[in-house]
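Reader: Could we go through the side-chain contacts of this model together?

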Amino acid sequence: MKTPVKTELFASKAPLEWAIIANGTLSTAQIPIDAEGKVVDGGIEAQARQTMDNFKHTIEAAELTMDDVTQVLIYVTERSQLAVFNKVYAEYFQAPYPNRAAMIVAGLAREEMLCEVVAYAAVP
């Protein structure tokens, strides 16, 4: 059985939930959109921060903490963006850090998006 996590994030028209809990694991994917569903301006730093804020909001909406996050997959559209994303990302975690991977991709679902995060967290 899977249970959606109720968040205050923009209600997407796409057939998706911002997070699902199943089998003791929260699964989520987050993008740099604001409360109106628009991709934020300001380049990779602003988009990384919005993505991580949306991510943290979702984790807390599930009554978890960032310490419960076990794995993070980071997607950026240019290798040079990764250092900036890492700087922002580091503000949201403390040791022991989640396992993670970072990918440089040709593009994301919305052309103006520069980053996306997929993550998993343990649900006690």
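Predicted model: local features only at pLDDT ≥ 70, side-chain atom pairs only at ≥ 80, totals over all residues.

Reader: How many aromatic pairs does the structure hold?

Author: There are two, where Phe, Tyr and Trp (six-membered ring) pair if their ring centres lie within 6.5 Å; planes under 30 degrees apart are stacked, over 60 edge-to-face and the rest tilted. The ring centres of F55 and F93 are 6.3 Å apart with planes at 50 degrees, so this pair is tilted. For Y89 and F93, the centres are 4.8 Å apart and the planes at 40 degrees, so that pair is tilted. F55, Y89 and F93 form one aromatic cluster.

Reader: Is Y89 buried or exposed?

Author: Y89 counts as buried at 6% relative accessibility (buried is under 20% relative accessible area, exposed over 50%, partly exposed in between, with a 1.4 Å probe and protein chains only).

Reader: Changing topic, which residues are linked in a network of salt bridges?

Author: The network links E45, R49, K87 and E91, a salt bridge being a side-chain nitrogen of Lys or Arg within 4 Å of a carboxyl oxygen of Asp or Glu.

Reader: And how far apart are the N and O atoms of R49 and E91?

Author: The N to O distance for R49 and E91 is 2.8 Å. For E45 and K87, the closest N and O atoms are 3.1 Å apart.

Notes
Residues numbered from 1 in each chain as written. Heavy atoms only, no water.
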